[in-house]
Amino acid sequence: MPSALPEGLPAPSDGRLPASAKDEALTRNFGVYVHVPFCRVRCGYCDFNTYTAEELRGAKRSDYASLAQRELGFAQRVLTASGVPDRPVSTVFFGGGTPTLLPADDLVRVLGTIRDQWDIVEGAEVTTEANPDSVDRAYLQTLKDGGFNRVSFGMQSAVPHVLATLDRTHNPERVPLVVEWAREVGLQVSLDLIYGTPGESLDDWSASLDMALQCAPDHLSAYALIVEEGTKLAGQIRRGVYPEPDDDLHADMYELADARLREAGYDWYELSNWAKGPEFESKHNRSYWTGEDWWGVGPGAHSHIGGVRFWNVKHPSPYADRVNQEISPAAGREILDAETRRVESVLLRVRLAEGLPTNELTADGRKAVAGLIADELVDPATAFAGRVVLTLRGRLLADAVVHRLLPLSL
């Protein structure tokens, strides 16, 4: 979750949503995202809304679970007052930051509030992110006993000098151990990797894939490093401490990951994500790409309910003040019209392995698909069957595909 908030309309202090938010609500799934903004150290590449203990004033980690519970109560009252029908929660995701810097009982307590307020669908995906050095077996057992069924470990790399560049503090040898613990207690496991770190070679990346595959996770994400302005890493590159990212090397790394993961039995289902089967895909993240509803809890968290997008104030201290006063923590919002929602659907759904139905494009947009086929960016067989599905080359150039579709589809 990037730290910079978008511009938008003022959000009402009572949080009330416009009448349109309830339209066709029962046709959409409802999820909950809980942002935990605490980290032990700030990684040099990170632009997320996170804080170390030294950076925080007026906000206590020990109070955070209670604050999240209060916002959840506020969310329920807002949805009811806005006429949005109650729906059981289909996915829950605790992200950050490092959610597992909180005691496991705190995470379970917040999950219990979600269950008490809306109920949770039987077999719903309930995930927390974790750093390999922030949990032990007992911690993971408490999560499992409390209703979590999935954990996503921030592995990032298996190579010490790459981890050092990223300011990651865990020992890579701990990754197989925490994966083993998670499996022993009955949790599904996802591993997050980052490729393209300055100074990382193709051999380094191959070594990280080796370790990840040896752990045999159910799900694996591989994200290209993006150097965000204002981060420590951006300053280091600007000063010549590290070289600029190499786009060609990024492409080679992505191709290597896709080949290795497919060979190991993982199916690609979204630009940066692979799973052992459909049952192991991240259902919560998929809800973002397909326009479902979710309420985001915590400072800087984003929500989407029926075409209304809103986002909370960034800093934990004013966030806590608002929540404790039962004032909406939202800093702003935007109300998406039908055309904007259709354009966003093109932007997001083209990322998925099943692609985008061509009937969601205008006539000019459908004509553009022929050029994408000629450039080997879109699979011809699926296009003739009525869907825009990216080839591997198309996945590498996904932004270019979208830019060619959208101007002809507006």
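I looked up Leu-392 and noted it as partly exposed, because its relative accessibility is 31% (buried means under 20% relative accessible area, exposed over 50%, partly exposed in between, with a 1.4 Å probe and protein chains only). The model is predicted, so I kept in mind that local features need pLDDT of at least 70 and side-chain atom pairs count only at pLDDT 80 or more, while totals for chains, interfaces and linings use all residues. Residues are numbered from 1 along each chain as its sequence is written, and side-chain values use heavy atoms, with hydrogens and water left out.

Leu-392 sits in helix α14, residues 392–396 (helices are DSSP runs of H or I with at least four residues, strands are runs of E with at least two, and both are numbered from the N terminus).

**Entry: helix α2**

I checked the length of α2, residues 104–118. Its 15 residues at 1.5 Å each should span 21 Å, and the end C-alpha atoms are 22 Å apart, which agrees (the expected span is 1.5 Å times one less than the number of residues).

I then listed buried residues of α2, among them Leu-107, Val-110, Leu-111, Ile-114 and Trp-118. The buried residues of this helix pack against β1, α1, β2, β3 and α3.

**Entry: Asp-119**

I found Asp-119 in the loop between α2 and β3. Its relative accessibility is 45%, so Asp-119 counts as partly exposed.

Which residues does Asp-119 touch, leaving aside its neighbours within four places in sequence? I found Pro-88, Val-89 and Ile-114 (contact means heavy atoms within 4.5 Å). Asp-119 and Val-89 are 30 residues apart in sequence, yet their C-alpha atoms are 6.3 Å apart.

**Entry: aromatic pairs**

I counted nine aromatic pairs (rings of Phe, Tyr and Trp, the last by its six-membered ring, pair if their centres lie within 6.5 Å; planes under 30 degrees apart are stacked, over 60 edge-to-face, and the rest tilted). Tyr-33 and Phe-93 are stacked, because their ring centres are 6.3 Å apart and their planes are at 20°. Tyr-33 is in strand β1 and Phe-93 in strand β2, so this pair ties together parts 60 residues apart in sequence. Tyr-33 is buried at 9% relative accessible area, and Phe-93 is buried at 7%.

The second pair I looked up was Tyr-195 and Trp-205, which is tilted because the centres are 5.3 Å apart and the planes are at 45°. Tyr-195 lies in strand β5 and Trp-205 in helix α6, so the pair joins parts ten residues apart in sequence. I noted both Tyr-195 and Trp-205 as buried.

**Entry: salt bridges**

How many salt bridges does the structure hold? I noted 16 (a side-chain nitrogen of Lys or Arg within 4 Å of a carboxyl oxygen of Asp or Glu).

Arg-137 and Glu-184 form one, at 2.8 Å from N to O. Arg-137 is in helix α3 and Glu-184 in helix α5, 47 residues apart. Arg-137 is partly exposed at 34%, and Glu-184 is partly exposed at 42%.

Arg-395 and Asp-258 form another, at 2.6 Å from N to O. Arg-395 is in helix α14 and Asp-258 in helix α8, so the pair ties together parts 137 residues apart in sequence. Buried or exposed? I found Arg-395 and Asp-258 to be buried.
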